[in-house]
Amino acid sequence: MAADVYVKPKRLLAPVATTTGKVQWLGIAILTTIAAVAILAPLLSAYGPTDAVCDPFEHPGPGHLLGCDDAGRDLFAQLIYGARVSLFVGLSVAVIATTAAVILSILAGLNGGWTDRLIMRIVDVALSLPFLPLVIVLGVYLGASLTTQILVIALVMWAQPVRELRSQILSVRAMTFVEASKAMGAGGLHIGARHILPEVAPLVVPQFVRIAHSAILVETSLSFLGLGDPLQSSWGAILYHANARTAFLTGSWLWWIVPAGVAVSVTVTALAFIGFGYDASLSPRMRHRKSPIKAPAAQPDPEAALSVRNLAVAFHSELGTTEAVRDVSLDLGRGDLVGLVGESGSGKSTLALAALGLLRVSAEVRQGAVLLDGRDLLRLDQDDIRRLRGHKIALIPQSAMNSLNPVVTIGGQLSEALAHDGKTIDEAAISTWLARVGLEARHARCFSHELSGGMRQRAVIAIAICNTPDVVIADEPTTGLDVLVQEEIMALLLELRQKLNLSILFVTHNLPLIARHADRLEVMYQGEIVDRGTASQLRAAATHAHTRDLFESLPEIAGAKRWQAGIAEGAPLLSLKKVSKGFRSRNSLGFASRTITPVLKDVSLDLHQREKLGLVGGSGSGKSTIARLMMGLLRPDAGEVLFEGDPLGRQAILKAHAKSVHMVFQDPYGSMRNAMSILDIVSEPLCIQGLTHQGDTAERVRTALDAVCLPSDGAFLSRLPIQLSGGQRQRVAFARAIVSAPKVIIADEPTSMLDQSVRMEIMTLMEDLRRQFGTAFLFITHDIVLARHFCDRIIVLSEGRVVEEGPADTVIHTPAHDYTKRLIAAA
Amino acid sequence: MGYYLRIIAQYAVTLLAALTINFFLPRLAPGDPLDAILPPDVIGSMSEAEINEVLADFGLDLPLWQQYWNYLTGVFAADFGTSTTLGMPVWDALIGRLPWTLLLMGCALLVSTLAGVALGMLAARKRGEFADVSIISTVLFVGSLPPFWLAMMLIILFSTTLGWLPSFGAYKLGVPEGSWAWYVAVIERLIMPVMALAVVQGASTLLIARSAMLMTLEQDYILFARARGTSERRVFFGHAFRNALLPLYTNVMLGLGGLIGGALVIETVFSYPGLGSLVVQGVTSRDYNLLQGIFVLATVSVLAANFLTDLFYPLIDPRTRQAR
């Protein structure tokens, strides 16, 4: 399968097998040839470039391949010696300007603060100066010489790469693996050398190529204006003399003007070829011949609102072909709500988009039929299927944030959707539809960035179904929303289904949500439908092992606890005492604004030895801020963070804290750097604590990997995380957390980005680690049911305040606060 | 209001930086400040007292900060000193030539933007197809040509070989200004320089337009627009282009600094009577005041254009309207 072919994420050149790689190698070959000519110039020509060796204006002949200029100098000699000047200037400028840019961008990007602001102001100024006039003025004052040219060109070239490299450094700095490293107690030096530089280094190459490219062109222009070194024969100088002698009015242009210009173009094109690979938009798109779609083996059901038969879809890429959907059939009855459940990569979204005829170019429908209203959508031409979209079959897309056009008002997009057949749309129709999805008429004038996540999703729903389609395909419509908002959106869809008689195919990975509401579930796994039936049927008797795994991975709110309770011991290990924290937003000049948005208000909590404490709250409740405060990554505005009774602050306490408290992040993909081996990742805490010299590093890493049930042989230690699945990566994250035998692990939603079927493995792993090592856990989650099963004690957080606290079962069975009750109801 | 104050402050700082560079250049350059005023043989024959007198005349005996202040106030009173080669105030020389350069740049900007955006959108529309591949390869090649060389090749083709277009100057001597024939002559002489400039500038506009379109076409809102049956035309122009306009607008305006430099060089090939021909004159005869004047003028024009760009940006991007 294509996914097995490993491609290193960042390399200096594209793989030679690809077109991009071939173009880059062609560029390198041309450039090497020119460089060879430049170096070997004395061997290739009998004359020096400035020697008067023939009659002025002599025509080309055997002795003088390109004839001579007005002073009787051999033009061929000038041309090949000119390569020396151009390449020398291009490379020297690139070296100087790139070095300066790297140093300045590191200073700006790593230090931040006023250093950053000062450097970036200077860059802004430098970039808005018209550079050629500046170079001319500088060149005239400093005198014409090669050194001046190089310095002057470098002086105007450094600013652009500083801006680009800095923004790349900032984006690397914001990545989770940097935060993870900080959480392990790493200093700026460690992070800079071990994480940021290796990530940013490959990005310097395209900058270098680009500077060399421009520098050669600028040098030519300068020499053409007579600002070149009079002692050197450059290509620009040849053209300067030709222009001064108006060579284009005589026949001599053919050998005087053309060769020098062609030489510049070829050199610069070669650089452009090398740079070609760094602009992804320029790389050619994979094209493949489309064969006709094979007919389905079975007949579609004409009674169903939507009937899919034997659908097969494949994706083509440079690395091969992947079958995303294999022989899938399903029927959506009229007025039904069918849940299409599957994990990432199961092919559920591909199925949805195939039905709408909206697959990307790299996808190919190989077989099947999709019947809607007696018409096969797969075999309609583009215009016909377009007329059905929105009117007969509609899509409620994933991520409402990005599905609304950011520069058009909600009302504008709604009226565009309504106005299909040239109808005029009145305000009333727009308000009606906004009201139907629970928005107000004034929201018509809003842009999407002015709405909250839930409101955006409502607007998207209104736009999608405003032409009352028969069939609605909802592709993960609740993903990324707060738990309680998910319920509201679900309720809205159910209400609209009733009112407008919609048939809904609800594509999701969120099994508990859809199991509660769907008439029927279709379970998709590795491109096939492996199970179908009502939720209760499937829960009771699933035929496929994957379905069983899925349902078993759903702890119910009632029943016995899945994991045994721990016994809290002794004095608190980690505490917050009346902690408040707020964030200042920064304005575009980088100055902190006066208003502080409070995130935590007067929060106190204790975590004891061996305890499993659950911190439950919706998005924006401040639970991740608590994790970062407890890790010492943030400092409280008021109150104290205590580690074993001592406030975090003194160096010794911080050091002990860094050794004893570890964190596992939500995102297993971002929290480790893809270019590091498993050994380097897991041993990083030891490295930061300065324990790697003890010689037992590999041994300790092996023990940690054994504890998280991963292989610990040499082959695995040298693998890169990109070759691992999400679940395996999260295991590596836990191995990294326990390698220095900490007392506390703070797990910030450690399962929420994983597939449903592997979530329980990770929870069980945490329980195993607690039993084996006696580690205390702070388990942060939005899932109150999961917290109830795993934790001994639960703290419920809402809008930055602790609203409820108590033993897990007490909180679940007798919730006191309204917010807790709503969370339980939504579970 | 803060938004406008911020951009005004930013431009004031940039202008001050340009003027400061201008002020310090002659003082940092090797040799005596006097070298920039008088020819070496004259300096050699002067006595100490005479030299001091000249220095006092030019205010060069004052403390540095005083000189700097005088320089700044001079600039804002349009006093750039006297050109040694032309024997007239630099400001007067520049003002006489500026309209021609502006005409050339304006036409080139218009042509390159229209053609670049149209072709860039075409390439994006036909991504990976023959049209796209040929447009991209042409652009990669054209972007590697020195603009002035392209201008020379145009002259060889259209003037020397075909004899269609005149290759010299901006207007025809002896034809009464403002007459029909005069305008024809001006347009005839504008075609080739505009072509040379627009081809090079248009190549970069094209690439920006293409990648901006490709980027927006990948967005979820495009998928959603298609999914609700919006016509392909409306998806392309109403949704994709409307959003691609944002990076396009800023990038085209930022390219203006490069365009003015290109115009200066191109003008010398066509002996166009704009600022560019003054550049060559200034370079060959080391007329420092003249070159500095050109630099300041170029800076001010670029800053003015960028200022307008920023000023109107909130009109096309509603997300920046709140920042005010």
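Analyst: Chain A has a secondary structure of 33 helices and 20 strands. The model is a predicted one. Along the principal axes, the C-alpha atoms of chain A fill a box of roughly 105 × 75 × 55 Å. Of the 827 residues in chain A, 48% are buried.

User: Why is A:Glu749 called buried?

Analyst: A residue counts as buried if 20 or more other C-beta atoms lie within 10 Å of its own. A:Glu749 has 20 other C-beta atoms within 10 Å, and is therefore buried. A:Glu749 lies in the loop between strand E17 (744-748) and helix H30 (756-773) of chain A. Its phi is positive, at about 45°, although A:Glu749 is not a glycine.

User: Why is H11(B) described as roughly perpendicular to H12(B)?

Analyst: Helix H11 (residues 256-270) and helix H12 (residues 275-284) of chain B pack at an angle of about 80°, and their axes are 7 Å apart. Angles of 65 to 115 degrees count as roughly perpendicular, so H11(B) is roughly perpendicular to H12(B).

User: Which residues of H11(B) and H12(B) meet?

Analyst: From H11(B), B:Ala263, B:Leu264, B:Val265, B:Ile266, B:Glu267 and B:Thr268 take part. They meet B:Leu275, B:Gly276, B:Ser277, B:Val279 and B:Val280 in H12(B). By class, this contact has seven nonpolar, three polar and one charged residues. B:Glu267 is in the contact and counts as charged because Glu belongs to that class.

User: How many residues of chain A and chain B are in contact with each other?

Analyst: In chain A, 64 residues are in contact with 65 residues of chain B. Helix H5 (residues 131-142) of chain A gives the most to the side of chain A that touches chain B, with nine residues. That side of chain A divides into 39 nonpolar, 18 polar and seven charged residues.

User: Within chain A, what share of contacts between residues at least 6 apart in sequence join residues at least 24 apart?

Analyst: The share is 70% of those contacts in chain A.

Technical notes
Residues are numbered from 1 along each chain as its sequence is written. Chains are lettered from A and ligands numbered from 1 in the order in which they are written. This is a predicted model: local features need pLDDT of at least 70, side-chain atom pairs count only at pLDDT 80 or more; totals for chains, interfaces and linings use all residues. Axes are lines fitted to C-alpha atoms, for helices over the stretch in contact, and angles run from 0 to 180 degrees between N-to-C directions. Helices (H or I, at least four residues) and strands (E, at least two) are DSSP runs, numbered from the N terminus. Angles under 35 degrees count as roughly parallel, over 145 as roughly antiparallel, 65 to 115 as roughly perpendicular and the rest as oblique. Two residues are in contact if their C-beta atoms, placed from the backbone, lie within 7 Å. A residue is buried if 20 or more other C-beta atoms lie within 10 Å of its own, exposed if 12 or fewer, and partly exposed in between; C-beta atoms are placed from the backbone.
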